[in-house]
Amino acid sequence: MSRVRPTFVRNAVATVLAVLLALTGALANPAPAQAAWSRPTGLTATSTATTSARLAWKAVSKAPAYRVKYDDNSSMRSPAYLKATSAGIEVTGLTPGRTYWFKVRVISAKSASLSSYSSTIKVTTRKTGDFGLLSPSGLAATAVGDSTLTLAWAPRGDTDNYRVRWATSSKLTDESFVRVTGPGAELTDLSPGVTYYVSVRVITPEGTNLSQYSPMLAVKTTGKASFSPPSGLSASATSTTTASVSWTATPGATRYRVKYAATPWTDAEYVSATSNSAVLSGLAPQTTYSVKVRVLDTNGDFASDYSPTVTITTPSVAKPLRVASYNVRCATCSSSRIDELPWSERRGAVVATVNGADPDVIGFQEAQQSWLTEDGTLLNLAQFEDLLKRLGEPWAITNGYRNNCVKSTTPTNCEYKDRGATNGTRIMYRTDRLTMLAHGSVSLPVSPLHDYPRWLAWATFTQKSSGRSFFFGNIHFEPNNDTSGSTTYYTVRKQEAETVVAAIARLNTGKLPVVLVGDANSSKWDVPSNVPYDTFVASGLVDPLGNTYRSSTAVGATVEKRINTNYYSYNNFERYARRSGSVNGSYTDYIFTTPMRVSEWETVVDVDASNNFVGVIPSDHNLIRATVWLP
């Protein structure tokens, strides 16, 4: 066993004692800390508005920045913070009539805390309708000439912003306003010899009311009106930027002045007229204007008071709307054609075709409600649901019910309930471009030889880009053809078309522009006539292609640009694409509109130089699409 030498022990003990003495001295005499910043003092808060408060405090010398902490409870359990670079800040976004607690501290430029918080103060915002300042006092008015009043009132030390109100009736039925800075104003363009009722209130620079109006002051302009105010004023928008104005001619009057403004009457403009009508131009789209008119004498001076005011709203600017129709061939249907693939192998091509056409809204036919089968397995998924899923967002369907049953998912043991379901006739739309207002369905007549239900699916939409609304309908008529000498199916299609026309007239209560699409199962070569086409056109609908009965030209066409309109809408899964030598092919699928601009039509086909379809043929029908402009 080894032994520790005494010298080594003594040296170790001395080292430990030295360390302990150093630590003790450090604790007794710590190094000087960095000087702390003084916390802000003199914090005040005032609120002259319903949703904001103004904070101020004494500046801390050389403070880089400040942090304001506030909450609507005194314990500040869920505080909010603001950074200020000077000794004051406007706190906005507050709730009217609520008490808030505030405090402030110094922070670095990088928001590190440099001082403790100031003392906490509280302030309560104004309640809505509760004005915190007294009304202006000492309002006086002087008539200067026949059409001007000068106003003045006692100046105040707390604000310099005011709103003046005046009207020719003490009931303020035709009031006008103007904002002014300073305790005075000049009102011009008034009528001679007319009493005006004037008052003034305090506002913020942004126009928020801070006081009630002062008591009304009645003052009369000098002179005397030679004529009574014009009567019978009316105005109507003639475009997005123009309007026509007319009124009953005043006997003896030779000149008039029309006054109009979007914000009556702080931004008024004027038009002179020598007859009882005028045109207003340079207007802003989708804007409401107030309009009134007065008589001028031969010198251009006011000879009457203004007429009562009327308003007119200009329409919004039209934007292109892309509409489409597509019979996608039912998943359970098969004609055993060489190029007819099952739904599972052609649905990708269907989706690609729709995406390539890029419609805002589309009417599908034969997008079945029955369950799909894949690899012998029955899926709880309808064809239209599969299509919608693969299109993805932002696509939506107007009605997602499969069947008109209490249990809508299957017709087995169906207990009837009207769900608005329309079998394979479905409407889908892009939610980023359209807002759906309403939707529904109408049952159509069916063949006496079979009772497969057929429908008009309809919806109303607002186009987000223009604010304009429209009625959209989708149909799929009786598909069977008559044998020689029979008109059974012809009569059914006639009844179906008549039912659709009557339904649109009944449902479209707002007289919106109409787009009707679908597969009418009738062409210009049908015998004895193309009865759905004739019925729709007789009701006022327009075929943009002008594809009239047995025509080789485009009679009455409205479309401006054509793309592949010589192709047939029905391709029968034939590899060589059906087409005509004339401008229009044979169509059983249609897009009808009420009168409106149609800038483009495309019958969508993907063919090679030999006119053969390229790749998978998506359906036995070609998608058709049109670009329309809602009136």
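How many of the ten residues of strand β29 (residues 454-463) are buried? Ten of the ten are, so β29 is largely enclosed by the rest of the structure. Please keep in mind that this is a predicted model.

- With strand β28 (residues 434-444), β29 forms an antiparallel pairing over ten bridges.
- Five residues lie between the strands in the hairpin of β29 and β30. G467 in this hairpin takes a positive phi near 80 degrees.

**Helix α5**

- The buried residues of helix α5 (residues 531-538) include V531, P532, Y533, T535 and F536.
- Strand β30 turns up again here, being among the elements that cover the buried residues of α5. The cover also includes α4 (488-507), β31 (514-519) and β33 (589-593).
- Just after α5 comes G540, which takes a positive phi of about 110 degrees.

**Proline 513**

- You will find P513 in the loop between α4 and β31.
- Is P513 buried or exposed? Its relative accessibility is 12%, and buried means under 20%, so P513 counts as buried.
- Although P513 and F471 are 42 residues apart along the chain, their C-alpha atoms are separated by 6.1 Å.
- Leaving aside residues up to four places away in sequence, P513 touches S469, F470 and F471, together with T594, M596, L630 and P631.

**Helices α2 and α3**

- Helix α2 (residues 343-357) and helix α3 (residues 383-391) have axes that come within 10 Å and cross at roughly 50 degrees. The two helices are therefore oblique to each other.
- The crossing in which α2 passes α3 is right-handed.
- Which residues make the contact? From α2 they are W343, R347, V350, V351, V354 and N355, and from α3 they are Q383, D386, L387, R390 and L391.

**The open four-stranded sheet**

- What is the order of the strands in the open sheet of four? The order is β4-β3-β6-β7, and the pairing is antiparallel.
- The edge strands are β4 (80-84) and β7 (121-124), each of which pairs on one side only.
- On average, neighbouring strands of this sheet are turned by 30 degrees against each other, direction ignored.
- Strand β3 (residues 65-71) and β4 run antiparallel and are joined by five bridges. To locate this pairing, look for Y70, which stands opposite A80 of β4.

Key: Residues are numbered from 1 along each chain as its sequence is written. This is a predicted model: local features need pLDDT of at least 70, side-chain atom pairs count only at pLDDT 80 or more; totals for chains, interfaces and linings use all residues. Side-chain values use heavy atoms; hydrogens and water are left out. Axes are lines fitted to C-alpha atoms, for helices over the stretch in contact, and angles run from 0 to 180 degrees between N-to-C directions. Angles under 35 degrees count as roughly parallel, over 145 as roughly antiparallel, 65 to 115 as roughly perpendicular and the rest as oblique. A crossing is left-handed if the near helix is turned anticlockwise from the far one by less than a right angle, and right-handed if clockwise. Contact means heavy atoms within 4.5 Å. Buried means under 20% relative accessible area, exposed over 50%, partly exposed in between (1.4 Å probe, protein chains only). Two strands pair if DSSP finds at least two bridges between them.
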